[in-house]
Amino acid sequence: MSKRKDIKDGLRSTGDKRGLIYTKVLGWIDLGHACGEDSRRLKTLLLEEKGRKYFPEFKDWYFPVDYFQEFGFDYLQFGKVVERRVGINSPLMVRSCLSWEVKRRIALTIMTKTAFRFEAFQQSLAFSWYTDSGFSCEDLISDLVGFYRVFGNGTDPLVLSYPTTLGYALKIWDHYGPVGKFKNKELRPLLFPEPSPMRKFLPRKGLLPSWLDYIKPLNNLRDKYVYNRYESKPVKNLLHDANRMNHELYTSIRYAGWDFDNGHKNTNTPSMLYTYPHEIIKPEYFEFRN
């Protein structure tokens, strides 16, 4: 839930991990989403392929991947920082020994499908009374920027997006209002024209630039690259729709520092308590026919 006090000078803050900036090409950008930490973890998982195993029923090797997005708050307990989070996790099995180009497509598919589900979760009645973050206009495009900063090539997308000064960004906020009241359910930027005393402008959808559109997601999940995971195994029939990625709602309470080893970020998955986890579809042994 971004506030006016979170706004920063875009020209000086592209390397920050918190805050809000305005750009001429992509509109508002949340630096927390755009820093790409979740994509960096996903990239490491795809490159290392830890825990890969051969599954005779699929006649190939697969390894586990957990990609999650979450929100929450921290508090002190017995002198230690405790992180309390709720979020969406996608427990998956990814085929081993794929090319880097295919892995990038897999990563974009995982990120976008999970991000849409996470934003919908934030917009649900359970949280919409507390936060306006669900599908806030800067969220999805910021996720995409973070993805390309990790998986893309060439110049930093934030530099290419023409970040503006603090004064310009504040002028946009004061004229149009908080970003959370503008919703965006597409991977396209929402742009806010510069205010003019003689004319009234409304936000408009912009076009996704080519430097944020050259990696394409998978066409579907039926190509044997990615399967949903159940009890540490890839499964075909976890959900009725074979092309649907599983997203599990979870809560997590852990001590800060769980994701660091000797001062370095690791790829561990935090402890998660699923809420109504999906169960594998049981076969119907008896069927009545006319």
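**Exercise 1. Classify Lys17 in this predicted model as buried or exposed, then find which residue pairs with Lys17 in a salt bridge.**

Step 1. Lys17 has 51% relative accessibility, and the cut-off for exposed is over 50%, so Lys17 counts as exposed.
Step 2. Its salt-bridge partner is Glu37, with the closest N and O atoms 2.9 Å apart.
Step 3. The two sit in distant parts of the chain, 20 residues apart: Lys17 in the segment before S1, Glu37 in helix H2.
Step 4. Glu37 has a relative accessible area of 31%, so Glu37 is partly exposed.
Step 5. Now widen the view. Lys17 and Glu37 belong to a salt-bridge network with Asp259 and Lys265. The whole structure holds 19 salt bridges.

**Exercise 2. Where do Arg85 and Asp74 lie, and which accessibility class does each fall in?**

Step 1. A salt bridge joins Arg85 and Asp74, with 2.9 Å between the closest N and O atoms.
Step 2. Arg85 is in strand S5 and Asp74 in strand S4, eleven residues apart.
Step 3. Arg85 is at 14% relative accessibility, and buried means under 20%, so Arg85 counts as buried.
Step 4. Asp74, with a relative accessible area of 43%, is partly exposed.

**Exercise 3. Describe how strand S1 is paired and which way its side chains point.**

Step 1. S1 covers residues 20-23. S2 covers residues 27-30.
Step 2. The two strands run antiparallel, joined by four bridges. A hairpin of three residues connects them.
Step 3. Ile21 stands opposite Ile29 in S2.
Step 4. Leu20 and Tyr22 point one way, Ile21 and Thr23 the other. All four are buried. In a regular strand, side chains alternate between the two faces of the sheet.

**Exercise 4. Which residues touch the most other members of the largest nonpolar core, and which element gives the most to this core?**

Step 1. The core has 37 residues. Ile29, Leu42, Leu46, Ile106, Phe147 and Phe151 touch the most other members.
Step 2. Elements supplying at least two residues each include H2 (37-48), H3 (100-123) and H5 (139-151).
Step 3. H5 gives the most, with eight residues.
Step 4. Take Leu42. Beyond its neighbours within four places in sequence, Leu42 is in contact with Val65, Tyr67, Ala107, Ile110 and Phe151.
Step 5. Another core, of 15 residues, lies apart from this one; among its members are Leu20, Ile172, Trp173 and Tyr176.

**Exercise 5. What is the phi of Cys97, and where does Cys97 lie?**

Step 1. Cys97 has a positive phi of about 60 degrees, although it is not a glycine.
Step 2. Cys97 lies in the loop between S5 and H3.
Step 3. At 61% relative accessibility, Cys97 is exposed.

Technical notes. Residues numbered from 1 in each chain as written. Predicted model: local features only at pLDDT ≥ 70, side-chain atom pairs only at ≥ 80, totals over all residues. Heavy atoms only, no water. Buried < 20%, exposed > 50% of the residue type's maximum accessible area, 1.4 Å probe, protein only. Pairing = 2+ DSSP bridges. Core = buried A, V, L, I, M, F, W, Y, C linked by side-chain atoms within 4.5 Å. Contact = heavy atoms within 4.5 Å. Salt bridge = Lys/Arg side-chain N within 4 Å of Asp/Glu carboxyl O.
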